[in-house]
Amino acid sequence: MKRDVRILLLGEAQVGKTSLIMALVGEEFPEEVPPRAEEITIPADVTPEKVPTHIVDYSESEQTEDELQEEIAKANVVCVVYDVTKEATIEKIRTKWIPMVNGGVEKGSRIPIILVGNKSDLQVGSSMEVILPIMNQFSEIETCVECSAKNLKNISELFYYAQKAVLHPTAPLYDPEEKQLKPACTRALMRIFNLSDQDNNQILSDDELNYFQKSCFGNPLAPQALEDVKMVVWKNTTDGVQDNGLTLNGFLFLNTLFIQRGRHETTWTILRRFGYDDELELTDDYLYPQFRLPPGCSTELNHLGYQFLQRMFEKHDKDQDGALSPTELQNFFSVFPRVPWGPELYNTVCTTDKGLLSLHGFLCQWTLTAYLDVRRCLEYLGYLGYPILSERDSQTQALTVTREKRIDLEKGQTQRNVFFCKVLGARGAGKSAFLQAFLGRSLAAQQENPGKPSLYTVNTVQVNGQEKYLILCEVSADTEFAKPSDTACDVACFIYDLSNPRSFSYCATVYKALERRGAGSRVLLAAGGPGGCSDRSGRVHALPCADQE
């Protein structure tokens with residue numbers, strides 16, 4: 001939402017532009033009116049939307065054409081003022097003022113316009129009959145307000161509608177010519193519906209509707225109000241209400257109705273609660289909340305994060321078989337702009353006997369994301385609606401920053417739950433097979449169904465009776481270890497081929513390089529090749545390791 005609003009008043013001479021501004025500020029009709037009012041700033045605390053508002057007057061006799069164009073370029077909304085008693089000023093709206101403001105501008109980028117019929121005290125009846133064809137011709141016209149600077153009629157309403165046109169614009173939401181929601185608005189509302197449908201049955205129950213209502217507006221609906229809402233939808237749609245709940249079509253219809261009735265702020269409140277900006281994109285503030293990661297520390301999901309993700313898994317496990325099929329996984333990612341996990345997923349984590357993603361594998365993949373790329377993890381949790389569905393300030397509350405590794409080493413203890421192991425070895429030593437063996441896959445299974453290779457695998461291990469996550473990362477034999485990040489890990493695991501002396505020589509060379517750089521990691525030596533670190537069942541046999549503190 002914009003941090004301030006700039007309103008420009010245009011119109012023919014003597015229609016009362018300056019009088020309207022002075023009547024608003026002085027709360028009385030001015031006896032003496034200058035040719036042009038000075039720019040006025042209304043503080044945020046006295047405006048309905050709590051946003052500072054700048055009101056700018058225009059005088060043809062006081063300003064040049066260039067100055068006028070400069071003011072139009074700076075304006076967020078333009079009020080075109082006409083005299084309700086003079087049809088010539090009304091005709092100029094169509095022929096002069098709107099073309100001047102938005103001539104040549106693409107439809108979606110036009111400045112919103114409020115038509116202001118001043119001097120209503122001098123006319124019996126209304127000018128709306130003449131104004132309606134103009135409003136129908138120009139879609140950027142938000143509304144028309146008839147007012148009187150002399151009687152102070154609708155003065156504050158005029159500026160409220162102008163402010164509203166900026167803070168709750170119609171253009172991104174609705175196409176008045178087609179009389180339907182715009183595609184970007186429909187996509188955003190579909191995502192919001194899917195997130196709010198917590199049992200994933202494509203219907204918002206009374207409990208889900210009230211949770212949604214409370215999240216967006218602070219209070220649930222009274223039981224009768226809830227029934228009234230559903231009755232309106234039921235009367236106006238063929239499939240908006242089903243099993244006494246609101247369907248997606250019913251949800252979209254309601255928001256269309258709000259907009260058509262001039263209640264844009266209702267839909268905008270919903271969109272902004274779920275993280276959207278004026279262009280209907282999720283904001284960086286929502287997706288990437290401030291998160292500090294000091295050097296030497298790592299990031300892990302905490303119990304709140306794992307609980308939320310387990311809930312999301314169970315929501316999308318439609319057949320309740322403890323695994324997500326490709327279709328169920330696709331549905332899980334329907335609230336994302338793109339599917340972030342590729343086919344290498346199935347060679348990164350454990351899967352079921354049928355090759356599906358189990359809950360264990362699902363949580364392992366999230367653990368990997370949180371450890372390797374916390375910014376990406378925050379983004380993904382934002383797509384899933386973590387702050388709204390968990391009633392938290394932001395996604396950062398699903399994560400924990402660990403203590404610096406150096407301190408853990410000094411104290412000889414750690415509270416960390418995720419550890420990082422780099423797997424090194426010469427080309428052909430069996431690193432990839434070792435990573436897959438860590439997931440319990442035998443050599444025969446790997447050869448039968450190789451899948452897309454992954455440089456990472458992640459699984460859980462038991463350490464002193466506690467379950468910890470261990471990430472294995474395969475390091476290319478071409479790595480030169482020139483940067484600190486090349487050597488950073490908790491454990492360095494060397495794989496060599498018993499049948500190839502050069503394979504062990506490579507390990508020795510890299511080991512010495514790590515030692516010179518003071519990598520500070522425990523080093524596990526494992527033998528590959530025939531009779532080496534993993535047998536054909538996929539079990540991993542760790543050989544004695546050397547500790548290097």
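Reader: What radius of gyration does the protein have, against that of a compact globule of 549 residues?
Author: The radius of gyration is taken over C-alpha atoms, and the globule rule is 2.2 Å times the number of residues to the power 0.38. A compact globule of 549 residues would come out near 24 Å, whereas the value for the protein is 32 Å.

Reader: What kind of model is this, and what does the C-alpha trace span along its principal axes?
Author: This is a predicted model, in which local features need pLDDT of at least 70 and side-chain atom pairs count only at pLDDT 80 or more, while totals for chains, interfaces and linings use all residues. Residues are numbered from 1 along each chain as its sequence is written, and side-chain values use heavy atoms, with hydrogens and water left out. Along the principal axes, the C-alpha trace of the protein spans about 100 × 55 × 40 Å.

Reader: What is the strand order of the open sheet of six strands?
Author: Helices (H or I, at least four residues) and strands (E, at least two) are DSSP runs numbered from the N terminus, and two strands pair if DSSP finds at least two bridges between them. The pairing in this open sheet is mixed, and the order of its six strands is 2-3-1-4-5-6.

Reader: Which strands are the edge strands of this sheet?
Author: An edge strand here pairs on one side only.

Reader: At what angle to strand 6 does helix 4 run?
Author: Axes are lines fitted to C-alpha atoms, for helices over the stretch in contact (heavy atoms within 4.5 Å), and angles run from 0 to 180 degrees between N-to-C directions. Helix 4 (residues 128–137) lies across strand 4 (77–83), strand 5 and strand 6, and its angle to strand 6 is about 170°.

Reader: Which residues of helix 1 are buried, and which helix is included in their cover?
Author: Seven of the 10 residues of helix 1 (residues 17–26) are buried, that is, under 20% relative accessible area with a 1.4 Å probe, counting protein chains only. They are Lys17, Thr18, Ser19, Leu20, Ile21, Ala23 and Leu24. Their cover includes strand 1, strand 2, strand 3, strand 4, strand 5 and helix 5 (155–167).

Notes: Buried < 20%, exposed > 50% of the residue type's maximum accessible area, 1.4 Å probe, protein only.
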